[in-house]
Amino acid sequence: MISFAAPVRDLRFVLEELLEHGSLALPGFEEASPDLVEAVLEEAAKLAGEVWAPLNASGDRQGCTRRDDGGVSVPDGFAEAYQAYAEGGWNGIGVPEALGGQGLPEVVASSVQEMLHGANMALGLCPMLTAGAIEALAHHGSEEQQARYLPKLVEGTWTGTMNLTEPQAGSDLSKVRTRAVPQEDGSYRLFGQKIYITWGEHDAAENIIHLVLARKPDAPEGNKGISLFLVPKFLVNEDGSLGARNDVTCASIEHKLGIHGSPTCTLSFGENDGAIGYLVGEEGRGLNHMFTMMNEARHKVGIQGIGVAERACQHALAYALDRTQGRSPRSGRSDCTISDHLDVRRMLLSMRARTDALRALALYCAAQLDLARHAADETERAAAQARVDVLIPVVKSFSTDQAVEIASLGVQVHGGMGFIEETGAAQLLRDARIAPIYEGTNGIQALDLAGRKLQRDGGAALGGLIDQVEATAAALEASGEHAALGESLAGGAADLRAAMAAVLEAGADPESGADAVQAYATPFLNLAGHVLCAWQMGQATLKASAAIAEGRDEPFYQAKRQSADYAIRQWLPVGRAQRAVIEAGMASLVAFDAAAQ
């Protein structure tokens with residue numbers, strides 16, 4: 001497989017020029033500086049490129065093995081690569097210093113995450129889930145739980161998991177049946193089974209902290225009866241040392257389309273006396289508490305998709321620059337590389353432009369997370385959180401859908417060789433395909449945006465973002481040179497505003513509102529994703545043009561302008577067509593009878 005180079009320069013462009021390092025000016029980040037951030041990115045790039053990336057293909061081929069003792073062995077080199085990550089302090093990069101972390105902004109942590117997922121998505125899943133566990137315990141754990149479990153989770157000595165799904169309860173968590181039986185000492189004993197548990201059992205760390213949704217025996221049915229429990233693989237003694245093995249076992253591991261190096265486990269709780277667990281937060285509010293973890297994970301799944309998309313871009317470009325075929329339309333030579341052919345160039349530019357746009361939007365969302373957590377003004381924090389609430393389903397869903405398409409284009413650039421496993425292009429497509437499914441399918445993300453988020457505030461938060469899109473469009477039009485881009489972006493903003501009004505109006509209907517939101521949710525999210533990504537590329541055009549005018553790094557900034565031109569003039573129109581899909585109504589969906597087909 002072609003080597004992977006972490007996109008440090010591209011990440012710096014977003015952090016330094018699009019976001020202007022705004023997070024570094026927030027309270028709590030006084031010790032951080034642009035030079036420190038640059039050094040962090042460079043060091044993370046070395047870990048990603050030199051330690052993690054070389055294991056991507058071998059981990060895919062070898063996969064994970066469930067041993068006779070119920071343990072799981074990860075691919076050769078994975079445990080050592082994870083330990084290099086933990087020993088370097090990377091697990092706590094975005095965790096507050098008060099909890100033992102590095103205390104750097106979320107935009108920096110997200111940038112590092114992108115590099116690692118681009119290097120090795122299967123391995124990157126392990127710390128991604130641990131980050132969610134840290135977030136959940138930091139918000140909802142008791143002081144005792146935080147003191148006992150957070151230090152080891154933050155340093156990466158222990159890893160974390162999220163246990164939601166059961167055989168009879170996929171996305172409908174109201175049907176969770178795992179039981180948590182109270183004990184006299186205040187603990188609980190859990191009995192039940194959880195499926196699709198990412199890194200649920202492995203040999204890369206000394207302990208695993210499972211966060212598990214379960215019900216007390218007398219709990220009511222539905223979501224209000226669900227509580228959150230902490231269940232360690234090994235019990236933890238008062239002095240912090242590891243005690244006896246808990247009654248939680250790996251019954252099997254899944255054989256999957258991709259991410260073969262990530263053990264996806266079926267976990268059995270309580271095959272003997274019951275798995276000892278501890279209530280986290282308030283009884284009956286487990287789903288609310290788990291969403292703290294899930295929101296963290298959903299943003300990172302979007303980042304994960306972007307990482308794989310970046311690697312697919314690099315992989316396809318390297319092949320296109322090396323593979324000779326046909327006569328060049330530019331020079332007329334018969335020994336040209338396929339990168340000379342306009343259709344291949346279209347694919348390469350489409351891959352690059354979309355990846356750049358997705359990265360910019362995801363890191364903008366991360367910057368809003370920083371504002372929501374650290375801004376001095378409460379009103380500013382609330383406004384940023386409202387933007388985050390709107391953006392996370394877009395980042396998760398749109399980025400991962402696009403990542404699949406980008407990886408698929410990468411296979412197409414390779415031609416027949418892309419269908420052959422040895423080139424590595426197929427693995428990227430296979431790995432990327434899970435991202436639109438887990439941590440809430442992309443259909444659920446669309447419903448979250450068009451239903452819960454949009455209806456909750458009448459579109460106020462999204463409307464504010466559209467205002468910013470329109471301001472960027474106006475700036476492009478005023479520049480003269482980029483007037484056509486501004487006109488196209490303004491048209492996209494108008495489409496999104498009109499579609500938002502249509503979805504709000506349809507959703508307000510007391511009889512058909514719920515059905516209408518379901519029918520329009522996915523095209524609406526796709527439209528939002530295209531417009532918001534094009535907005536970021538409009539900003540990139542303005543910044544790149546200013547840099548060129550100053551005589552700075554012209555080849556890099558010209559490439560950014562080319563990506564932006566493609567994104568706004570050739571990719572955005574695809575998204576704008578989703579307005580027509582919404583305005584066409586839902587009659588065909590209502591009339592469709594799957595059973596009659």
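The model is predicted, so local features need pLDDT of at least 70 and side-chain atom pairs count only at pLDDT 80 or more, while totals for chains, interfaces and linings use all residues. Residues are numbered from 1 along each chain as its sequence is written, and side-chain values use heavy atoms, with hydrogens and water left out.

**Stop 1: the core**

Select Met-115, Leu-190, Leu-211, Met-290, Val-413, Leu-462 and Phe-524. These residues have the most contacts inside the largest nonpolar core, which has 192 residues. A nonpolar core here is a set of buried Ala, Val, Leu, Ile, Met, Phe, Trp, Tyr and Cys residues joined through side-chain atoms within 4.5 Å. Buried means under 20% relative accessible area, exposed over 50%, and partly exposed in between, with a 1.4 Å probe and protein chains only.

Now show helix α15, residues 513-549. Its 19 residues are the most that any element gives to this core. Helices (H or I, at least four residues) and strands (E, at least two) are DSSP runs, numbered from the N terminus.

Center on Leu-462. What is Leu-462 in contact with, leaving aside neighbours within four places in sequence? The partners are Val-390, Leu-454, Leu-496, Met-500 and Phe-524. Contact means heavy atoms within 4.5 Å.

**Stop 2: α12 and α14**

Select residues 442-457 for α12 and 483-507 for α14. The two pack at an angle of about 90°, with axes 10 Å apart. Axes are lines fitted to C-alpha atoms, for helices over the stretch in contact; angles run from 0 to 180 degrees between N-to-C directions. The pair is therefore roughly perpendicular. Angles of 65 to 115 degrees count as such, under 35 as roughly parallel, over 145 as roughly antiparallel, and the rest as oblique.

Show side chains at the crossing. From α12, Ala-450, Leu-454 and Gln-455 meet Met-500, Val-503, Leu-504 and Gly-507 of α14. By class, this contact has five nonpolar, two polar and no charged residues. Ala, Val, Leu, Ile, Met, Phe, Trp, Tyr, Cys and Pro count as nonpolar, Asp, Glu, Lys and Arg as charged, and the others, Gly among them, as polar.

**Stop 3: α1 against α15**

Go to α1, residues 8-18. Its axis and that of α15 come within 11 Å and cross at roughly 80°. That makes α1 roughly perpendicular to α15. Phe-13, Glu-17 and Leu-18 of α1 meet Gln-536, Gln-539, Ala-540 and Lys-543 of α15. The contact divides into three nonpolar, two polar and two charged residues.

**Stop 4: the cysteines**

How many disulfides does the structure hold? Zero, with a disulfide taken as a pair of cysteine sulfur atoms within 2.5 Å. Select Cys-265: the nearest cysteine sulfur, that of Cys-250, is 3.9 Å away. Cys-265 is buried, at 0% relative accessible area. Next, Cys-313. Its sulfur is 13 Å from the closest cysteine sulfur, in Cys-533, too far for a bond. Cys-313 is buried at 6%.

**Stop 5**

Select Glu-20, in the loop between α1 and α2 (34-52). Glu-20 has a positive phi of about 50° although it is not a glycine. Most residues other than glycine have a negative phi. Is Glu-20 buried or exposed? Glu-20 is exposed, at 53% relative accessibility.

Move to His-21, in the loop between α1 and α2. His-21 has a positive phi of about 50°, and at 17% counts as buried.

**Stop 6: Phe-191**

Finish in strand β5, residues 188-198, where Phe-191 lies. Phe-191 is partly exposed at 21% relative accessibility. Not counting residues up to four places away in sequence, Phe-191 touches Thr-178, Arg-179, Val-181, Phe-269, Gly-270, Asn-272, Asp-273 and Gly-274.
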